[in-house]
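I opened this model to check a strand pairing and a loop. My notes follow.

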Amino acid sequence: MYNIVKRLASRHSVRLFSYVDTEEEQREMAELETLGVQVTTVLRRPVQPRYDGLGAIPLCVGDFDMPQMREALRSPAIAEADVFHVEYTQMAHFIRPSRHILNVLAEVDVSFLSLFRAMRHQPWLMPRLAGWYDWLRMFNYELDVCRRTDLVLAVSQDEADLLRS
């Protein structure tokens with residue numbers, strides 16, 4: 001991700017919004033400003049999930065839905081952007097349809113595929129059933145997000161074919 005931002009910043013105006021888990025990461029992100037990148041960080045803290053454990057939205061999405069990030073993304077700079085690039089499905093809930101902004105989702109890891117692999121190896125019945133439910137929620141959520149996004153980037157041809165299918 002660093003190299004993508006660095007390359008983009010050499011040719012374009014880049015505004016980066018990112019979660020960080022520690023104050024040290026926050027200081028490290030500030031180094032991107034030497035490349036001309038405008039950086040806004042939100043320190044991620046454990047919060048009570050806003051999503052119902054039995055609802056349709058995956059719990060991991062709730063882990064990345066903090067009011068501070070929502071507020072930061074209300075920046076006028078967003079409305080002036082040409083491209084809104086999101087890394088990871090867990091952040092895709094921030095994508096908003098727009099006729100003026102190209103929304104891009106980088107599928108760094110197809111989340112429902114990772115959940116399927118983890119659940120498949122669970123030896124106990126109840127955790128396996130919970131894993132199936134999490135997988136189903138993520139499967140539906142992720143494919144819906146891909147349908148609503150202007151451009152989806154996959155890291156491999158196999159993952160691109162899987163998402164396309």
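Entry 1, strand pairing. I looked up Leu-16 and found Val-39 in E2 as its bridge partner. The model is predicted, so I read every value here as computed. Next I took the strands as a whole. E1 covers residues 15–20 and E2 covers residues 38–43. They pair in the parallel sense, over six bridges.

I traced the chain from E1 to E2 and passed through helix H2, residues 23–30. Which hand does this β-α-β crossover have? I noted it as right-handed.

I moved on to the loop between E3 and E4, where Tyr-88 has its place. I checked its backbone: phi of Tyr-88 is near 80°. That is a positive value in a residue other than glycine. For background, most residues other than glycine have a negative phi. Is Tyr-88 buried or exposed, or in between? Its relative accessible area is 33%, so I logged Tyr-88 as partly exposed.

I read 0% relative accessibility for Thr-89, so it counts as buried; the cut-off for buried is under 20%. What does its side chain touch by polar contact? I found the side chain of Glu-107, at 3.0 Å. I then listed the contacts of Thr-89, leaving aside neighbours within four places in sequence. Leu-105, Glu-107, Asp-109 and Ser-111 are among them. The list also includes Met-138, Tyr-141 and Glu-142.

Technical notes
Residues numbered from 1 in each chain as written. Predicted model: local features only at pLDDT ≥ 70, side-chain atom pairs only at ≥ 80, totals over all residues. Heavy atoms only, no water. Pairing = 2+ DSSP bridges. Helix = DSSP H or I, 4+ residues; strand = E, 2+ residues; numbered from the N terminus. Right-handed = clockwise from strand over helix to strand, strands pointing away. Buried < 20%, exposed > 50% of the residue type's maximum accessible area, 1.4 Å probe, protein only. Polar contact = N/O pair within 3.5 Å; in protein donor to acceptor, adjacent residues only side chain to side chain. Contact = heavy atoms within 4.5 Å.
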